[in-house]
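Please open the model in a viewer and display the side chains. The tour below moves through aromatic rings and the charges placed over them.

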Amino acid sequence: QVQVVESGGGLVQPGGSLRLSCAVSGSGFSSYHMGWFRQAPGKEREFVAVIYWSGGDTYYADSVKGRFTISRDNSKSTLYLQMNSLKPEDTAVYYCAAVKEYRSRWPPIGQLDYEYWGQGTQVTVSS
């Protein structure tokens, strides 16, 4: 049984930074591609970033490229999202998702590409 739990959300001022974490329990974290998605009020859930199972490649949505950095620590079974230069339009619930590398194309950027999801963590960017 794989469980995915996000943390690190909160309220931050425009221009500020925040780091999200995603802890994955169960075996085989290092064999999963790991992604971040977000959903703003009244909008569809959208892709943010994904990292290759080994950490050897990453892919970002254009809206966050250059501001957000996805990373992972396979020894801790944890995924991260460092968010800098935050904007009010980054306000959303952020979700972590996992898919076995052999079950996925690269890069997996659609919701249906993923097998496991967390419950989400709220990020609010406001002055």
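Select Arg45 and Trp117: the charged end of Arg45 sits over the ring of Trp117, 4.9 Å from its centre (a charge sits over a ring if NZ of Lys or CZ of Arg is within 6 Å of the ring centre and within 35 degrees of the ring normal). The model is predicted, so local features need pLDDT of at least 70, side-chain atom pairs count only at pLDDT 80 or more, and totals for chains, interfaces and linings use all residues. Residues are numbered from 1 along each chain as its sequence is written, and side-chain values use heavy atoms, with hydrogens and water left out.

Next, select Phe29 with Arg72, which lies over the face of Phe29 at 4.5 Å from the ring centre.

Now turn to ring pairs, of which the structure holds eight (rings of Phe, Tyr and Trp, the latter by its six-membered ring, pair if their centres lie within 6.5 Å; planes under 30 degrees apart count as stacked, over 60 as edge-to-face and the rest as tilted). Select Phe37 and Phe47, an edge-to-face pair with 5.7 Å centre to centre and 80° between the planes. Phe37 lies in strand 4 (residues 32–39) and Phe47 in strand 5 (residues 46–51), so this pair ties together parts that are ten residues apart in sequence (strands are DSSP E runs of at least two residues, numbered from the N terminus). Phe37 is buried at 1% relative accessibility, and Phe47 is buried at 13% (buried means under 20% relative accessible area, exposed over 50%, partly exposed in between, with a 1.4 Å probe and protein chains only).

Then select Tyr114 and return to Trp117: these two rings are edge-to-face, 5.9 Å centre to centre with 65° between the planes. Tyr114 is buried at 7%, whereas Trp117 is partly exposed at 24%.

Technical notes
Helix = DSSP H or I, 4+ residues; strand = E, 2+ residues; numbered from the N terminus.
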